[in-house]
Amino acid sequence: MFKDLNPLLHVQQRLAIMSILISVEEADFSYIKEKTAMTAGNLSSHTDKLSSAGYIDIIKGMKGKRPRTVFKITSAGIDAFEEYVNSIKTYINRSSD
Amino acid sequence: MEKEYTEQESLQLITEMINAARNDMQNGRGDLVILWGYVIASLALGNFALIQMLGVHNPLIYLIWTLTIPLFIISAIIESRKERRTKVKNRITSIIASLWNGYAITVCVALTMLYAGAAIFRSSEIYALINPLILSLTGLAIFVTGRIFRFKPFVYGGIVFWTGAIVCILGSGYMYIQGFHFIVSAICMIAGFIVPGHLLNRKKE
């Protein structure tokens with residue numbers, strides 16, 4: 001049914017992460033965790049997959065004395081997300097015909 | 001656990017997440033506007049009072065505006081603390097920050113031009129342009145901020161500032177109250193900064 005959809009993005013958690021990152025310049029780990037209601041381990045696992053695909057950048061640094069992880073969508077991630085949304089629209093249009 | 005779902009659910013999730021990020025964008029933007037509004041309105045009224053007491057030609061009365069220097073420093077500290085607490089950075093927030101930084105630089109350049117112009121051409125009449133120019137630039141910045149945030153009180157505030165700029169320059173020619181333009185500036189700060197700032201904070205709550 002969804003064979004044309006990007007399998008990496010067609011997973012609720014990863015799609016949620018990408019939807020947030022497409023709307024912002026950058027977001028830190030705790031923000032994404034709070035918005036997606038994921039556990040830290042789960043979030044790390046999904047962001048690692050997105051990063052390996054080149055869809056997001058993971059920037060590790062310090063904020064004051066605390067370690068901070070920031071996520072930023074890449075241009076490849078924007079292209080993949082747009083392609084995914086266009087595919088969904090096609091499916092919705094087809095099913096409404 | 002990776003969960004697959006329908007295309008409708010996908011679209012719904014995308015919309016929910018984008019809206020969640022968008023709602024965060026408008027949080028807590030009123031505080032600095034309110035601070036600047038109260039301080040500048042007080043300084044303008046203070047300057048008007050000093051003109052009535054000491055006369056318009058006493059250069060010392062304008063030293064009151066040096067109080068804006070600590071205001072700049074306090075604003076920078078507040079912004080940097082806020083940025084340290086911020087978990088998310090939005091493009092729109094960055095654009096607004098660039099707009100107001102650009103506004104501050106333009107005001108400095110414009111003031112330098114006016115003071116230099118007054119010295120070069122030995123014309124004190126040029127000073128009459130200071131307030132209208134600052135008011136019209138502020139009108140532009142607050143109007144664009146309102147349009148970007150889709151927050152109408154700032155848009156109306158911009159219109160108040162532009163009207164104030166025209167009233168100021170006309171008043172310089174036809175009103176015979178010394179320092180009249182400072183009253184106009186104070187009214188603009190109340191209508192364009194203080195009231196919309198409080199409305200924004202109330203909306204946030």
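User: What is the handedness of the crossing of α1(A) and α2(A)?

Analyst: The crossing of α1(A) and α2(A) is right-handed. This is a predicted model.

User: Which residues of α1(A) and α2(A) meet?

Analyst: A16(A), I17(A), I20(A) and L21(A) come from α1(A). Y31(A), I32(A), K35(A) and T36(A) come from α2(A). By class, the contact has six nonpolar residues, one polar and one charged.

User: How do you know that D28(A) and R68(A) form a salt bridge?

Analyst: The N to O distance between their side chains is 3.5 Å. The cut-off is within 4 Å, for a nitrogen of Lys or Arg and a carboxyl oxygen of Asp or Glu. The pair therefore counts as a salt bridge. Over all chains, the count comes to one. D28(A) sits in strand β1, residues 26-28, and R68(A) in strand β3, residues 66-73. The two residues are 40 apart, so the pair links distant parts of chain A.

User: Is D28(A) buried or exposed, and what makes it so?

Analyst: D28(A) has a relative accessible area of 6%. Buried means under 20%. D28(A) is therefore buried.

User: What makes A37(A) stand out?

Analyst: A37(A) has a positive phi of about 55°, although it is not a glycine. Most residues other than glycine have a negative phi. A37(A) lies in the loop between α2 (29-36) and α3 (40-52) of chain A. Its relative accessible area is 70%, and exposed means over 50%, so A37(A) is exposed.

User: Where in chain B is R150(B), and what is its phi?

Analyst: R150(B) is in the loop between α5 and α6 of chain B. Its phi is positive too, near 55°, and R150(B) is not a glycine. With a relative accessible area of 71%, over the 50% cut-off, R150(B) is therefore exposed.

User: Why are α5(B) and α6(B) called roughly antiparallel?

Analyst: Helix α5(B), residues 130-149, and helix α6(B), residues 152-174, pack at an angle of about 165°. Angles over 145 degrees count as roughly antiparallel, so the label applies to α5(B) and α6(B). Their axes are 7 Å apart. α5(B) passes α6(B) in a left-handed crossing.

User: What makes up the contact of α5(B) with α6(B)?

Analyst: The contributors from α5(B) include L135(B), G139(B) and F143(B). Among those from α6(B) are F161(B), W162(B) and C168(B). The residues of this contact divide into 12 nonpolar, nine polar and one charged.

User: Why is D31(B) called partly exposed?

Analyst: D31(B) belongs to helix α2 of chain B, residues 30-54. Its relative accessible area is 39%. Buried needs under 20% and exposed over 50%, so D31(B) is partly exposed. The C-alpha atoms of D31(B) and I51(B) are separated by 30 Å, and the two are 20 residues apart along the chain.

User: How many helices and strands does chain A have?

Analyst: Chain A has four helices and three strands. From the N terminus on, they run α-β-α-α-β-β-α. Of its 97 residues, 45% count as buried.

Technical notes
Residues are numbered from 1 along each chain as its sequence is written. Chains are lettered from A and ligands numbered from 1 in the order in which they are written. This is a predicted model: local features need pLDDT of at least 70, side-chain atom pairs count only at pLDDT 80 or more; totals for chains, interfaces and linings use all residues. Side-chain values use heavy atoms; hydrogens and water are left out. Buried means under 20% relative accessible area, exposed over 50%, partly exposed in between (1.4 Å probe, protein chains only). Axes are lines fitted to C-alpha atoms, for helices over the stretch in contact, and angles run from 0 to 180 degrees between N-to-C directions. Angles under 35 degrees count as roughly parallel, over 145 as roughly antiparallel, 65 to 115 as roughly perpendicular and the rest as oblique. A crossing is left-handed if the near helix is turned anticlockwise from the far one by less than a right angle, and right-handed if clockwise. Contact means heavy atoms within 4.5 Å. Ala, Val, Leu, Ile, Met, Phe, Trp, Tyr, Cys and Pro count as nonpolar, Asp, Glu, Lys and Arg as charged, and the others, Gly among them, as polar.
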